[in-house]
Structures are given as structure tokens and as C-alpha cells.
Amino acid sequence: MPGVSVRDVPAQQFIVAYAQFLQRQGKLDIPGYVELVKTSSGNELPPQDSDKWFYMRAASIARHIYLRKSVGTGKLNKLYGGTINRGSRPSHHRDASGSVNRKVLQALENIGVLEQGKSGRKISEAGQRDLDRIAGEVFAGDEDDE
């Protein structure tokens with residue numbers, strides 16, 4: 001649908017649709033440790049959906065970078081981090097795993113969605129075209145449901 005961008009569709013619906021697209025495409029390089037790794041030192045367990053969480057994180061990162069000029073690994077670590085449970089002591093923020101976010105950025109860069117910028121990674125023209133196309137499909141599906 002012409003004129004529809006990622007900003008026009010709900011975030012959760014877009015992320016799920018783009019993650020399914022990435023999974024169907026099969027080009028995303030997935031590290032071998034995705035079944036075992038925790039996504040943050042503040043988490044007690046790895047993600048429960050061990051098959052899809054890497055694709056969901058990749059879709060979420062692609063959308064996040066689409067909405068901003070450029071983003072680096074440090075900002076993503078801060079974004080995907082959370083509070084750590086310290087028992088009776090006050091909770092504190094703990095950054096997410098830099099390795100996971102870096103591997104997602106590298107995988108998206110290898111398939112041409114992202115490219116290196118001056119300060120972090122930015123969305124490429126081909127990546128913007130793909131994300132807008134998926135957003136158009138989500139938007140059209142949303143209108144059909146109503």
C-alpha cells in the first residue's frame with residue numbers, strides 16, 4: 001500500500017509480522033547459542049520461546065532503528081535492559097547483553113537491512129523498502145479486519 005510507513009501501524013503487530021517474514025526468508029544468521037543464552041544479566045532464565053526470540057529481537061531492533069537516525073549497541077543494551085531483582089534491597093537497572101544485540105545488528109547488516117553510519121547503524125534503502133512493504137501488509141490486514 002503506497003504511503004504507509006512503519007509509524008502508521010501498531011508496534012506489536014508490525015514486529016510479529018516482520019519476525020515471521022525474517023523467519024520465512026531464512027537468510028538471518030543465527031548464533032548457535034540462542035537456546036542457552038540469557039538476554040540480560042538481570043534475567044534469571046533464557047527466553048521461553050527459543051525458536052523465535054532472536055527473530056523478534058531482530059524485528060524490534062530494525063523498527064527501533066527505522067524510527068531513529070542511527071543507533072549503536074550501547075543504546076540498545078540500555079533499551080532492552082531491565083531491573084534486577086535484588087531481594088529485599090532496592091532494584092537497579094541492568095543493561096541487556098551486548099553480545100546478543102551486536103549479533104542481531106551484524107545479522108541485519110549482512111542481509112542488507114542496516115548499514116554502518118557515523119555513530120552506530122542506520123537503516124539502508126533496501127531495508128526501509130522492506131519494512132515499509134511489511135507495514136503496508138499489516139495496515140491492509142488491519143483494515144480488512146474492521
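**Close-up views of a predicted model**

**View 1. Crossing of helices α3 and α4.** The axes of helix α3 (residues 73-80) and helix α4 (residues 98-110) come within 9 Å and cross at roughly 120°; axes are lines fitted to C-alpha atoms over the stretch in contact, with angles from 0 to 180 degrees between N-to-C directions. Helices are DSSP runs (H or I, at least four residues) numbered from the N terminus. α3 is therefore oblique to α4 (under 35 degrees is roughly parallel, over 145 roughly antiparallel, 65 to 115 roughly perpendicular, the rest oblique). The model is predicted, with local features requiring pLDDT of at least 70 and side-chain atom pairs pLDDT 80 or more, while totals for chains, interfaces and linings use all residues. Residues are numbered from 1 along each chain as its sequence is written, and side-chain values use heavy atoms, without hydrogens and water.

**View 2. The largest nonpolar core.** This core has 35 residues, of which Phe-14, Tyr-18, Leu-28, Leu-108, Val-113 and Leu-131 touch the most other members. A nonpolar core joins buried Ala, Val, Leu, Ile, Met, Phe, Trp, Tyr and Cys residues through side-chain atoms within 4.5 Å; buried is under 20% relative accessible area, exposed over 50%, partly exposed in between (1.4 Å probe, protein chains only). At least two core residues come from each of α1 (11-25), α2 (53-67), α4 and α5 (125-145), and α2 gives the most, with nine.

**View 3. Surroundings of Ser-41.** Ser-41 lies in the loop between α1 and α2 and, at 44% relative accessibility, counts as partly exposed. Leaving aside residues up to four places away in sequence, Ser-41 touches Ile-84, Arg-94 and Asp-95 (contact means heavy atoms within 4.5 Å).
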